[in-house]
Amino acid sequence: MASSGDHDEIIKSISDAPPTHYMVKMESFSLLTKHAIERYETESFEAGGYKWKLVLYPNGNKSKNTKDHVSVYLALADSSSLSPGWEVHAVFRLYLLDQNKDNYLILQGNERRFHAVKREWGFDKFIPTGTFSDASNGYLMEDTCMFGADVFVSKERRSGRGECLSMIKDATSSKHVWKIENFSKLDKESYDSNAFFAGDRKWKVRFYPTGTKQGTGTHLSIYLTLVDPETISDGTKIFVEFTIRIFDQLQGRHIAGKVTKWFSRSSSEHGWVKYVSMVYFTQPNSGLLLKDVCLVEADVCVHGITSAI
């Protein structure tokens, strides 16, 4: 008996009319199992202004503990086609051709809500594999079968704002060392290091040799800056742990600041207004400025990303 993922009402019917939106003919069907293809996705097709796919599990969807059945689903082909917060309500019918009688077995469930988090709906137990494989039933003839789909979008709307936090397991840090030479001749307000990658994003260290804001004239100011923040979509935030240190080139007594911050399109720079006093920095025995050269290291680790849904 056919069943959906939520065990709700299923309408089962027979029709002479083929599906109007999409059909897939599958030849040498048994080779899917032979080659351990547990899931097959069709090419995308358009219906109701959206792109969809048929998804088939020849031996059942193991993630739903389905055995001895063919599982068939309808899926949004590309969730990026939905703006954040949008959802599509659709009624759909999934078809299987009876090649003996030249008509179609049709399964239809309740109206379903498709969105960025839940992109796929259908039937865990579309048809028992025994029934499907029995040639006398006409569904699999000469190792060939045909499935299809009709999709009717009933409504679309924008839901309340939401977000998805994805923490990164076993995140690794990236280090970048910046050699600043001729420090006494620096005459700009700020300087940027070369860009470097951490967590698939590009970063720079920004250095104010005479300070900025409350540190102007008394301290060095230093920041970690996200490169090209305008390329980040609204609602995306990046959770970063970073350390910025200046090396003591004489005795190894480095100074360092460590912090965790959220970076975003509107908050792309974090650091210290008063990182180290100019008095201490320029003392010969501090080792921070040796032969008019200082060494700055950034150690950056991205631990998570929040995106809008």
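Predicted model: local features only at pLDDT ≥ 70, side-chain atom pairs only at ≥ 80, totals over all residues.
**Ground rules.** My side-chain values use heavy atoms, with hydrogens and water left out.

I looked up the UniProt record first. Its unreviewed entry carries the annotation "domain: MATH" over residues 19-151 and 173-300. UniProt positions are given in the numbering used here, feature names are shortened, and annotations may be inferred rather than shown by experiment. Over residues 173-300 I noted 4% helix and 50% strand, with the end C-alpha atoms 5 Å apart. Helices (H or I, at least four residues) and strands (E, at least two) are DSSP runs, numbered from the N terminus.

How many aromatic pairs does a search of the whole structure find? I got 19 aromatic pairs. Rings of Phe, Tyr and Trp (its six-membered ring) pair if their centres lie within 6.5 Å; planes under 30 degrees apart count as stacked, over 60 as edge-to-face and the rest as tilted. I opened up Tyr95 and Tyr104: their ring centres are 5.9 Å apart and their planes stand at 80 degrees, so I logged the pair as edge-to-face. Tyr95 is buried at 3% relative accessible area, and Tyr104 is buried at 8%. Here buried means under 20% relative accessible area, exposed over 50%, and partly exposed in between (1.4 Å probe, protein chains only). I also found one aromatic cluster formed by Phe29, Trp52, Phe92, Phe114, Phe123, Phe126, Phe132 and Phe147.

The charged end of Lys118 sits over the ring of Trp121, 4.4 Å from its centre. For Lys237, the charged end sits over the ring of Trp262, 5.2 Å from its centre. The test I used asks for NZ of Lys or CZ of Arg within 6 Å of the ring centre and within 35 degrees of the ring normal.

My search of the whole structure turned up 15 salt bridges. Each is a side-chain nitrogen of Lys or Arg within 4 Å of a carboxyl oxygen of Asp or Glu. Which residue forms a salt bridge with Glu120? I found Arg39, with the closest N and O atoms 3.1 Å apart. This pair links distant parts of the chain, 81 residues apart: Glu120 is in strand β10 (residues 120-128), and Arg39 is in the loop between α1 (30-34) and β3 (40-41). Arg39 is partly exposed at 33% relative accessibility. A network of salt bridges links Arg39, Glu41, Lys53 and Glu120.

Next I checked Glu297 and Arg245, whose closest N and O atoms are 2.4 Å apart in a salt bridge. They too join distant parts of the chain, 52 residues apart, with Glu297 in strand β21 (residues 294-308) and Arg245 in strand β18 (residues 237-246). Both Glu297 and Arg245 are buried.

Most residues other than glycine have a negative phi. Ser28 is not a glycine, yet I read a positive phi of about 50 degrees. Ser28 lies in the loop between β2 (22-26) and α1, partly exposed at 36% relative accessible area. Asp170, also not a glycine, has a positive phi of about 55 degrees. I located Asp170 in the loop between β12 (163-167) and β13 (174-180), exposed at 66% relative accessibility.

Definitions and conventions
Residues numbered from 1 in each chain as written.
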